[in-house]
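Hi,

Here is the structure I promised to pass on to you. Have a look at it first, and then read on for what turned up in it.

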Amino acid sequence: MLIGKFNRMIRNRVLWGFFAVVVCISFVGAFSSDGGCSRTNPDSAGELFGESVSRREYAIARLFTIGLRDIPSLSPELETRLRNLTWKRLAALRMAKELGVSTTDSEVANEIAGNGTFQQNGSFSRERYAAFLQNQRLSPDIFETYLKEELTLRKLSRMLETAVWSPPAQVASRTRELTDTITLDIVELRPDAGPTPAATIEEAEKFYNDNDHLFREPERVTVRYVPFAYSSFTNTPPVPEDEVAAYYSEREEDFATTDTNGLEIIRPIEEVRTGILDILNARAAALAAQSAAGRFSDSLIADSSGNVPDFLARASEEALCVHTAGPFAVSENVPGVEPSGEFAMEAFSLDENDPERSFSDAVIETNAAYVVSIISRQASYIPAFSNVVERVMPLAASNAAHIAFIAGVESARNAVADSVAAGKPFPDSLAAQGMNISTSVTFAVYDSDPEDIPHFRAIVPEVISLPRNSVTDVVETEGTAVFAFVRERASGESLSMELLKPRVLESMDKQAAGPAFESWTEFVLRELADLKDFTKPAATGSEDESEPPAADGPPGTDTDEYPG
């Protein structure tokens, strides 16, 4: 009874309200707007706690919410869910700031240095880190900001773990499931290797109508830009010797090596001076290029009469070469700009209808700084079936074949399960359906190596709580359909269970804290943050679904445009 009351308390709306209000009184006050009138900022994606959230801040939060992944199109339902998660993330981070929950630069550095992806011979490798960023089209600032926010949200979530309690009976049950010794007979089936029958035009059109979001074309923009390549600003003043010495003393670990006796030594500054000079000269060139880009951007600011200088005219006066790129989506590479992650996000934050928001500040990328000016924006749309029929046909055929294959396997599995329930041995029940056991394994979940058990991650959730003589449901994995029979299940050792219980308890508390954190952030967003969301599509959606206007050029073009 106490457990039931506690669980109801955890989910109680009033409790969350009390907790959120107690910790947020000063927070809400800090973000409350003064005065009774307001106006909509065209650069605003919405408002939280009475403060505007810029389109750029929202776009970055959206990217972080999906884990820096490239998701070119989403169904309307998933897009709505992603929008809600993005606002919850922004609200949670504002909450963390007011609560004093933060992450330092050194914590981010330690997280990166400790990640095996960026290590070589057991030590952090700057080259591997740079290669990772290049491959992911990310700037260091964007990736490290993402990590800092994730660590902050993790700390905020851990605060709620203290309000979560896992009942001992559930902990004991989960521990038994993990320590039981299970013997499985696994059946693995693959679709026929022959050619997939072609879909009819009617089948293809039905597939398109059911899955039209798969063919959605993303929003695209076309821009002009002026590059300020770092390699063009190498005529910088000589680097003072004290800067070389300071760089060396601050980064001595970078110059460590191993002598003939296998001992680590620091190479003397005389040996590495040339390399340090190269780094500092490159840094000076980058700063000079970024400063030049900043000055050019400043020259585009409106005068006292509100007149904004023409981008092409100003570039001509400065004898700068203007390039044109697009139409491109925010997730696509921009030809001529490498990497282009910051560039693309900045381009999409611009407003072609507002001269004062039609050009960017200096956009910093790895090899150059840029000033970007938007020309046009092409809305996201779903092409007509007739325009994508060649893309739809093979997908429709594969989908039909897959559905038929899974339906056949599930029918056979159901017949096997019925036969086993009637007392027939599992191998004989399989044989009656023309199938055989693919492999048999005996294991306990807690100490198993997933690599030793076929389809471990797919099968274990199905069998972990099943009793002896049970047949799992069909699961799909790696192009196959799999089901299994629990031939034996024996209790594990008592000592193993006792040793494992603390880890199980910790894991269950963390799992319970996740939903609690989601409930809390949802309450904060809906009841305290006074959300105003300007990113929602128009109710009719007519513009969103229509074919786009004629493009300024083929997607991904990059042309030189010489003003004047």
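Before the strands come up, one term: two strands count as paired if DSSP finds at least two bridges between them. By that rule, strand 6 (residues 220–229) and strand 11 (residues 368–378) are partners, running antiparallel and joined by 10 bridges. Within this pair, Pro227 sits opposite Tyr370 of strand 11.

Strand 11 has another partner as well: strand 10 (residues 363–364) pairs with strand 11 in the antiparallel sense over 2 bridges. Here Ile364 faces Ala369 in strand 11. With 3 residues between them, strand 10 and strand 11 make a hairpin. Strand 11 is also mostly covered, as 10 of its 11 residues are buried.

Please keep in mind that this is a predicted model. The average pLDDT of the protein is 81, and 85% of the residues score at least 70. Among the elements, helix 15 (residues 426–432) has the highest mean pLDDT, 95, while helix 1 (residues 2–10) has the lowest, 38. Residues 1–39 have a pLDDT below 50, although the model gives this stretch 43 contacts beyond near neighbours in sequence. Residues 540–564 also stay under 50, with 58 contacts beyond four places in sequence. Where pLDDT is low, the predicted coordinates should not be read in detail.

An open sheet is built from 3 strands in the order 2-1-15, with antiparallel pairing. Strand 2 (51–54) and strand 15 (532–533) are the edges, each with a single partner strand, so one side of each has no neighbour in the sheet. Strand 1 (residues 44–48) is joined to strand 15 by 2 bridges, and Glu47 has Lys532 in strand 15 as its bridge partner. Helix 3 (residues 55–65) lies across strand 1 and strand 2, at about 65 degrees to strand 2. Helix 4 (residues 76–99) packs on the sheet too, touching strand 1, strand 2 and strand 15, and its direction makes about 55 degrees with that of strand 1.

Finally, a pair of helices. Helix 10 (residues 241–250) packs against helix 11 (residues 269–298) at an angle of about 105 degrees, their axes 9 Å apart. That makes helix 10 roughly perpendicular to helix 11. The residues that meet include Val244, Tyr247 and Tyr248 from helix 10 and Ile276, Leu280 and Arg283 from helix 11. By class, this contact has 10 nonpolar and 4 charged residues, and no polar ones.

Enjoy exploring it!

Best wishes

Methods. Residues numbered from 1 in each chain as written. Predicted model: local features only at pLDDT ≥ 70, side-chain atom pairs only at ≥ 80, totals over all residues. Heavy atoms only, no water. pLDDT = per-residue confidence, 0-100. Helix = DSSP H or I, 4+ residues; strand = E, 2+ residues; numbered from the N terminus. Contact = heavy atoms within 4.5 Å. Axes fitted to C-alpha atoms, helices over the stretch in contact; angles between N-to-C directions. Parallel < 35°, antiparallel > 145°, perpendicular 65-115°, else oblique. Nonpolar A, V, L, I, M, F, W, Y, C, P; charged D, E, K, R; others polar. Buried < 20%, exposed > 50% of the residue type's maximum accessible area, 1.4 Å probe, protein only.
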